[in-house]
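User: Can you take me through this model? Start with a single residue, then the rest.

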Amino acid sequence: MSITRYPAAPRRGAIGIVHLGLGAFHRAHQAVYLERYRQRSSDDTWGICSANLRGNVVLVDGLAAAGHRYHVAEYADSQTVALREIGVIEEALFSGRGADGHWGRDLAPLLARMADPGVRIVTLTVTEKGYFLNPASGELLADDPMIAADIAAPTTPRTAPGILAEALARRRELGIAPFTVLCCDNMPDNGGRTRHAVVKLAACRDVELAAWIEREVAFPCSMVDRIVPAMTAEDHVRLVELGIEDPNAVVGEAFSQWVVEDDFPQGRPGWEADGVEMVEDVVPFETMKLRMLNGSHSLLAYLGALEGIETVFDAVSREDLSALLRRYMLEEAAPTLAMPAGTDLVAYGDSLLARFANDSLRHRLQQIAMDGSQKLPQRWLQGALARIEVGEALPCTALGVAAWVRYTAGQDLHGAQYPVDDPLAARFADLHARHADDAEALVDAFLAMDDVIPPALARQPSFVTAVVDAYRILTREGLAGALSALVRD
Ligand code: NAI
Ligand code: CS2
């Protein structure tokens, strides 16, 4: 086995970045780029304060207990790994709801940190649902109870947009230039959507603040890519065998990409030399990645989970599923993309299939299947609409939508049950209860959810029929039947 070890830079530095969403991805992506930057450069002003606004307090306190050092294992395959120690996170905070039911344990230090003039960038990975936007239209969900709470009490916010608005309000009041907001979540136009959430929320308390944010704050878009599955007990065992006993460690693939719109009025790390691609327009890269990579992931997730397949690796090891992905990418996703000259989408598709076949990752399909309501518009549906409007058929996407509808019943094709993890799970359950025995009515009811499905797509008879037919075949003949029907068509 080939093992390369990179120790953390021995020195510490000042905090220049606040990150919201201290999950697996942040630790294995952004923090790795900044660690490499620190190793190479004498600029020590870009240390990170990383905060969780939800969920994982154990990680926050565990990192503090470990002196804010942890490990990342980057696997090219099961025989080739690079082990990095990361020291660039200088501080970890928690402002979510604690076990005692109270919110905002570290909210005061977090907001103080965000108002510090030394902090010039705030990055986010709070998942798609953390922006509280209508997934199809991108409008702020002003009636969501979390957003309503931030509107009622804007100086003690709980949501990411609320925390950004309050921190920016403080800077404005203190006469401190605003930080740049860099969204690193898998959303289309992720900078624009983040700006919209913050400006709309700020407008509920002070229209002048909202106008100032709109005018003064940069929200560059970014495309982020590295497969970093949730850690499993098995991953920790593998790391112990490599001499790493670290509860805060993460495992991911060796591949990593970060394409960032170059709009940082208060400065940024000179991270080009560490592989960050600084461009004028991220949209083509973002759309390509969302539709080709993430679209394929979601296709595997719903079809595979319904068959009881556990991981991406297990799924793409099946010839019929990898053939489906190739067809989806080349015939249904690639034609919707407008890429810079020289982009080879066939080669890109091949590289994705090779990454999915990485035998060292246990990337669970149930993890990818989570939050489908927040993911499907940008992965499948916006591209599908463009194709269907010019008369193209979309059999793979229609099968994917049928699988998603069936998946949200919480029971696979063989009767095994699983929890449906989605902000709209209660609505899904209600639709299944109402239309359990009528495929057409069930599909119609799902396609009528205009906060997920673009209404113009739901109005296309050929698409509706294709989804209903796919749903019937999938539920009657199973995955293999549905895939061979697709080949016959
Ligand atoms: P994770 O489950 O390890 O962490 C999720 C993070 O989101 C946690 O920090 C959690 O506190 C936060 N969060 C969840 N719901 C929230 C809410 N409503 N408000 C505020 N914060 C909330 O997941 P991971 O792997 O870190 O992924 C997070 C996001 O990063 C993904 O949703 C995606 O947008 C992006 N990403 C992930 C990749 C991966 O392979 N893991 C690759 C590319 C992007
Ligand atoms: C996955 C992504 O969880 C999901 O929905 O599709 O997190 C995927 O692993 C990353 O975007 C890869 O960069």
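Analyst: Asp371 counts as buried, at 2% relative accessibility. Buried means under 20% relative accessible area, exposed over 50%, and partly exposed in between (1.4 Å probe, protein chains only). This is a predicted model: local features need pLDDT of at least 70, and side-chain atom pairs count only at pLDDT 80 or more, while totals for chains, interfaces and linings use all residues. Residues are numbered from 1 along each chain as its sequence is written, chains are lettered from A and ligands numbered from 1 in the order written, and side-chain values use heavy atoms, without hydrogens and water.

User: What is the phi of Asp371, and where is it found?

Analyst: Its phi is positive, about 60°, although Asp371 is not a glycine. Asp371 is found in the loop between α14 (365–369) and α15 (372–389). Helices here are DSSP runs of H or I, at least four residues, and strands are runs of E, at least two, numbered from the N terminus.

User: And Asp189, buried or exposed or in between?

Analyst: Asp189 is partly exposed, with a relative accessible area of 38%. Its phi is near 45°, a positive value in a residue other than glycine. Asp189 lies in the loop between β8 (180–183) and α7 (190–203). Most residues other than glycine have a negative phi.

User: Switching to helices. How do α15 and α16 pack?

Analyst: At an angle of about 160°, with their axes 11 Å apart. That makes α15 roughly antiparallel to α16. Axes are lines fitted to C-alpha atoms, for helices over the stretch in contact, and angles run from 0 to 180 degrees between N-to-C directions. Under 35 degrees counts as roughly parallel, over 145 as roughly antiparallel, 65 to 115 as roughly perpendicular and the rest as oblique. The crossing of α15 and α16 is left-handed. A crossing is left-handed if the near helix is turned anticlockwise from the far one by less than a right angle, and right-handed if clockwise.

User: Which residues make that contact?

Analyst: From α15, Gly372, Ser373, Leu376, Trp380, Leu381 and Ala384; from α16, Thr397, Gly400, Val401 and Trp404. Contact means heavy atoms within 4.5 Å. By class, the α15 contact with α16 has 6 nonpolar, 4 polar and no charged residues. Ala, Val, Leu, Ile, Met, Phe, Trp, Tyr, Cys and Pro count as nonpolar, Asp, Glu, Lys and Arg as charged, and the others, Gly among them, as polar.

User: How do α4 and α6 pack?

Analyst: Helix α4 (residues 107–114) and helix α6 (residues 160–174) pack at about 55°, axes 9 Å apart. That makes α4 oblique to α6. Their crossing is right-handed. By class, this contact has 8 nonpolar, no polar and 3 charged residues.

User: How many aromatic pairs are there?

Analyst: The structure holds 9. Rings of Phe, Tyr and Trp (its six-membered ring) pair if their centres lie within 6.5 Å; planes under 30 degrees apart count as stacked, over 60 as edge-to-face and the rest as tilted. Phe264 and Trp271 have ring centres 6.2 Å apart and planes at 85°, so the pair is edge-to-face. Both Phe264 and Trp271 are buried. Trp404 and Phe446 are also edge-to-face, at 5.5 Å and 90°. That pair links distant parts of the chain: Trp404 in helix α16 (residues 395–407) and Phe446 in helix α18 (residues 439–447), 42 residues apart.

User: Which residues do ring pairs link into a cluster?

Analyst: Tyr33, Trp258, Phe264 and Trp271. Tyr33 is one of the buried residues of α2. In helix α2 (residues 30–40), 8 of the 11 residues are buried, so the helix is largely enclosed by the rest of the structure.
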